[in-house]
Amino acid sequence: MQRMLREQVLKNDVPKTETRRWTPSEPVTGVLLILSVAAFAAMFAVSGNFGAFFLAVPERLLWWGANYMPFTFGMGEYWRLATGLFAHAGILHLLTNLYVLHDLGSLLERTIGWRRYTVLVLACGAAASLSSVAQDPTFVSCGLSGIIFGIVSCLFLMSGSTQGKHLVFARQRWLVLVFVGYMLALGLITQGVDNAAHIAGLLVGTVFGVAYARRGWRDSWNDIDSVLAVASMSLFVAVFSAEAFTLTGSPRLVRLAQARKAITVAKWDKNYEAAIALMNRAIGGSVNDPLLYLTRAGFFADANQYAKAVEDYDA
């Protein structure tokens with residue numbers, strides 16, 4: 001009898017195996033990582049230039065969808081607001097962003113859930129992209145830094161609340177100030193660092209962080225989440241519409257776009273005649289811009305048309 005009972009107990013203790021479908025706990029972060037790596041791998045593979053592995057030139061970044069005011073709004077290529085987030089200027093830029101995104105982005109997504117996290121990512125990305133093109137019409141911006149700054153600021157505020165004391169991030173939360181201060185200072189003294197995107201992402205992440213620190217984030221989707229989502233998207237649509245209405249087709253932006261396209265055609269395709277034709281169109285709209293003449297003079301020289309190059313240098 002005892003033997004039968006012992007066998008029955010052992011039988012009941014055996015865990016039942018169930019077929020479960022694997023689902024990632026951080027799907028949004030995973031998508032961001034995959035798209036960034038895929039875009040960089042494709043850019044490097046197509047360029048065939050080992051130097052682009054470490055430092056991509058602006059023209060190549062533009063070919064792969066980087067954000068640039070004359071193209072984005074001057075030529076109506078609005079999709080660059082999204083594609084520019086996944087282009088990266090070299091392997092160091094890529095790995096730095098991926099490391100922070102994988103570490104802190106995954107933590108935030110697990111903590112607040114993929115729905116809230118998606119709204120935060122979209123809001124930070126939109127703010128960063130719009131701020132990048134607004135700060136300087138000649139600046140070529142790329143990368144996920146704006147989204148990362150939003151994630152960091154949101155986590156910083158959440159981990160300082162009573163509900164966030166359990167977060168692993170809470171132990172090193174003050175190191176964030178060092179990171180943010182260093183990156184902003186670097187942007188002030190170094191060319192090529194997109195401080196506008198960093199600050200925009202930081203501000204958006206602060207809004208979300210304050211809301212979650214005060215109202216919590218463990219409950220299901222609630223009113224504060226709806227307000228944040230609607231407000232973020234409404235602000236983006238309003239700013240985007242204003243930019244698109246006032247800047248699309250702007251003569252100055254169109255000239256800059258034509259000049260940049262001419263540089264790309266000359267540098268990568270070695271088609272100097274096409275580059276000269278683009279510069280002719282740009283100069284036709286602005287006869288007083290010496291930079292346009294200098295650029296076209298270089299194309300004339302490359303095409304062995306030295307007399308015309310000298311004329312442009314004189315002009």
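Which residue lies over the face of Phe-71, and at what distance from the ring centre? The residue is Lys-261, and the distance is 4.4 Å. Arg-260 is placed over a ring as well: it lies over the face of Tyr-68, 5.0 Å from the ring centre.

The model is predicted. Its secondary structure comes to 16 helices and 2 strands. The protein has 315 residues, and 45% of them count as buried. Its accessible surface comes to about 17300 Å², with 64% of that belonging to carbon and sulfur atoms. Among contacts with a separation of 6 or more, 70% are between residues 24 or more positions apart.

In the pair of Phe-73 and Phe-240, the ring centres are 6.0 Å apart and the planes stand at 50°, so the pair is tilted. Phe-73 belongs to helix H5 (residues 69–74) and Phe-240 to helix H12 (residues 223–247), so that the pair links distant parts of the chain, 167 residues apart. Phe-73 is buried, with a relative accessible area of 0%. Ring pairs also link Phe-73, Tyr-78, Phe-236 and Phe-240 into a cluster.

Charged side chains come next. Side chains of opposite charge can pair when their charged atoms come close. In this model the count is 5 salt bridges. One of them joins Arg-116 and Asp-225, at 2.8 Å from N to O. Arg-116 lies in helix H8 (residues 114–135) and Asp-225 in helix H12, so this pair ties together parts that are 109 residues apart in sequence. Arg-116 has a relative accessible area of 5% and is buried; Asp-225, at 2%, counts as buried too.

Asp-312 and Arg-296 meet in another salt bridge, at 2.7 Å from N to O. Here Asp-312 is in helix H16 (residues 306–314) and Arg-296 in helix H15, so the parts tied together are 16 residues apart in sequence. Asp-312 counts as buried at 6% relative accessibility, and Arg-296 counts as buried at 13%. Elsewhere, salt bridges that share partners join Glu-77, Arg-80 and Lys-261 into one network.

Helix H15 spans residues 290–302, and Leu-291 lies in it. Is Leu-291 buried or exposed? Leu-291 counts as exposed because its relative accessibility is 56%, and the cut-off for exposed is over 50%. With Leu-294 and Tyr-313, Leu-291 forms a nonpolar patch on the surface, and together they have about 330 Å² of accessible area. Leu-292 is also placed in helix H15, but Leu-292 is buried, with a relative accessible area of 6%. Leu-292 and Met-279 are 13 residues apart in sequence, and their C-alpha atoms are 7.1 Å apart in space.

The last stop is a contact between two helices. Ser-145 lies in helix H9 (residues 145–159), and Asn-97 lies in helix H7 (residues 91–112). Ser-145 is buried at a relative accessible area of 14%, and Asn-97 is buried at 6%. Leaving aside neighbours within four places in sequence, Ser-145 is in contact with His-93, Asn-97 and His-198. On the same terms, Asn-97 touches His-88, Gly-143, Leu-144, Ser-145 and Ile-148.

How values were computed:
Residues numbered from 1 in each chain as written. Predicted model: local features only at pLDDT ≥ 70, side-chain atom pairs only at ≥ 80, totals over all residues. Heavy atoms only, no water. Patch = residues over 30% accessible without salt bridge, like charges linked within 9 Å, V, L, I, M, F, W, Y side chains within 5 Å. Areas by Shrake-Rupley, 256 points an atom, 1.4 Å probe, with all protein chains shown as cover. Salt bridge = Lys/Arg side-chain N within 4 Å of Asp/Glu carboxyl O. Helix = DSSP H or I, 4+ residues; strand = E, 2+ residues; numbered from the N terminus. Buried < 20%, exposed > 50% of the residue type's maximum accessible area, 1.4 Å probe, protein only. Contact = heavy atoms within 4.5 Å. Phe/Tyr/Trp six-rings, centres within 6.5 Å; stacked < 30°, edge-to-face > 60°. Lys NZ or Arg CZ within 6 Å of the ring centre and 35° of its normal.
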